Amino acid sequence: MIRRCPESPDKGPIPIDNDVSRPREQCGVFAVYGDPRAVELTHYALYALQHRGQESAGIAASKDGAIRFHRGMGLVSEVFDRHILEDLGGSAGVTAAIGHVRYSTTGDTNLANAQPLKIRFIGGELALAHNGNLVNAGELRRELEEQGSIFQTTLDTEVIAHLVARKGGLPVVEAIGQSLSLCEGGYALVFLTPKAVMAARDPNGIRPLSLGRLGEAWVVASETCAFDTIGATFERDLDPGELLVIDDSGIKSMTFKRPGELRLCIFEYIYFARPDSDLRGLNVHAARKRLGRRLAQDFPVDADLVTGVPDSSISAASGYAEASGIPYEMGLIKNRYIGRTFIQPKQEMRDLGVHLKLNPLRSLVRGKRIVLVDDSIVRGTTSRHIVSLLRDAGAKEVHLRISSPPYRYPCHFGIDTRARSELIAAFKDPEEIERIVGADSLRYLSLDAMIEAVGCGRRDFCVSCFDGNYPVKIPEGVSKRMFEGPSGSPITR
Ligand code: SF4
């Protein structure tokens, strides 16, 4: 991981592998109940959700009244093989399983923090997997530790496990419901017991979670693209504050906490979700195209071609091209085969390293005035490098168009966006950023334009990273930590 000040005179490399200049996906969860191919289906679904986390993957399955699980560091393809899937009950008619892919937003990156977690308590065995963040995890953890709980991980998920275990005298569904009512933040959870699967979504619906149907079976996933992969059909999104219980008697819905306003993370549309997923009934690719069209209407420019930063900005770039009448071209080629283990280049190889991940199509960009569409600017390093790549390839002008507003505040709900001190737009205006990234012009979509383009109203989305108004009260210690840089020293304007 390379960290570099956006204003550093040394251009430095684009962080090839673990790009800290972009918001990073959180986690993906999946659950299935009632299909004898449960383990294989979960395995496939995790491939579909891989974009949400590449650090670790895991599956838990209930077999013969007990829960087996396997987790490992790396991509789904690295963590599972035929033997492991068989051991989990792959061809043994196991009908219920949950799965998880992880990118760490809280907790360290190590195997102990991989999910699903499995616990054995007075209520029996329980496995759980989590996407999101509890803003009061620190507080809850302290209280639990004072009461004698011993933690083995640094995960919020383990806090939930301990809360459930402490209510072990209650039926497990009640214990889960009561525990979740204490949890503040943005989260989507799946649980597995030897007899049931459960799924829950935070009271503001910040993190997405959908219910699908596969024949007689029920499936739950962070994104609907997982349903397409396994041949399931979308039923509905889980409601905010809803706890679903699926077992042999069917599916039951209950409310574990009075729902607040629905505030789905708008960044799912902008960047995180796969273009073939639907959120609230709107396809993500279509939403990104609308953002691009609006960008073209609000910020036109005379240019020869439009290109997008692959992969997440291609839909918005095609929308910009359509609305502006300027042809869309594939100006940048992304290398998809750079694995997590790529060794960062030494100083003398840095210039070459830049071209490893992204390479401009020289014959296309040479001598051209280019509209470069990107979904966001977080630290500014990536934008600066891409603009410079295009210029080095002979582009005459590079006009940067961002399909979201300036990213000014950190996320507390499961997205790793760095501390506020590392967000370039927190302390610099667009003109300064334009100069730093070296673009001929830089324009951001306004907050109102973004919301109008996606549809629905302002109060339907979490837009906290743009306006700093969080839908959940953030404990003072947490917000102070996120204001400060990694060194702990507050930034000065
Ligand atoms: S703060 Fe931003 S990234 Fe985080 S949940 Fe809200 S909209 Fe999404």
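**Note on helix packing, the ligand shell and backbone geometry**

1. The axes of helix 5 (residues 156-166) and helix 6 (residues 172-180) come within 8 Å and cross at roughly 125°. That angle makes helix 5 oblique to helix 6. The crossing of helix 5 with helix 6 is right-handed. On the helix 5 side the contact is formed by I160, L163 and V164, and on the helix 6 side by A175, I176 and S179. By class, five residues of this contact are nonpolar, one is polar and none is charged. The model under discussion is predicted, and the points below should be read accordingly.

2. Helix 5 also packs against helix 4 (residues 137-146), at an angle of about 45° and with the axes 10 Å apart. Helix 4 and helix 5 are therefore oblique to each other. Their crossing is left-handed. Helix 4 contributes A137, L140, R141 and L144 to the contact, while helix 5 contributes D156, V159, H162 and L163. The classes here are five nonpolar, one polar and two charged residues. L163 of helix 5 takes part in the contact with helix 4 and also in the contact with helix 6.

3. A further helix pair is formed by helix 9 (residues 284-298) and helix 10 (residues 314-324), whose axes come within 6 Å and cross at roughly 45°. Helix 9 and helix 10 are therefore oblique to each other. The crossing of helix 9 and helix 10 is right-handed. From helix 9 the contact draws on H285, R288, K289, R290, L291, G292, R293, L295, A296 and Q297; from helix 10 it draws on S315, A316, A317, S318, G319, Y320, E322, A323 and S324. The residues of this contact divide into seven nonpolar, seven polar and five charged.

4. For the fold as a whole, the chain contains 18 helices and 23 strands. Of its 493 residues, 53% are buried. Among contacts between residues at least 6 apart in sequence, 72% join residues at least 24 apart.

5. Which residues surround the ligand? The shell consists of G186, I206, C265, I266, F267, C411, F413, I415, C462, V463, S464 and C465. Ten residues of this shell are nonpolar, two are polar and none is charged.

6. Two peptide bonds deserve attention in any check of the backbone. Most peptide bonds are trans. The bond between Q115 and P116, however, is cis, with omega about 5°. P116 is located in the loop between strand 4 (96-102) and strand 5 (117-121). The bond from P310 to D311 is also cis, with omega near -5°. D311 belongs to the loop between strand 17 (305-308) and helix 10.

7. D64 has a positive phi, near 50°. D64 lies in the loop between strand 2 (56-63) and strand 3 (66-73). Is D64 buried or exposed? D64 is exposed, because 9 other C-beta atoms lie within 10 Å and the limit for an exposed residue is 12 or fewer.

8. R280 likewise has a positive phi, of about 50°, although it is not a glycine. R280 is placed in the loop between strand 15 (278-279) and strand 16 (282-283). With 18 other C-beta atoms within 10 Å, R280 is partly exposed.

9. G90 sits in the loop between helix 3 (82-87) and strand 4. G90 counts as buried because it has 21 C-beta neighbours inside 10 Å, and the threshold for a buried residue is 20 or more. G90 and V39 are 51 residues apart in sequence, yet their C-alpha atoms are 5.2 Å apart in space. Leaving aside residues up to four places away in sequence, G90 touches V39, E40 and L85.

Notes: Residues numbered from 1 in each chain as written. Predicted model: local features only at pLDDT ≥ 70, side-chain atom pairs only at ≥ 80, totals over all residues. Helix = DSSP H or I, 4+ residues; strand = E, 2+ residues; numbered from the N terminus. Contact = placed C-beta atoms within 7 Å. Axes fitted to C-alpha atoms, helices over the stretch in contact; angles between N-to-C directions. Parallel < 35°, antiparallel > 145°, perpendicular 65-115°, else oblique. Left-handed = near helix turned anticlockwise from the far one by under 90°. Nonpolar A, V, L, I, M, F, W, Y, C, P; charged D, E, K, R; others polar. Near = placed C-beta within 6 Å.
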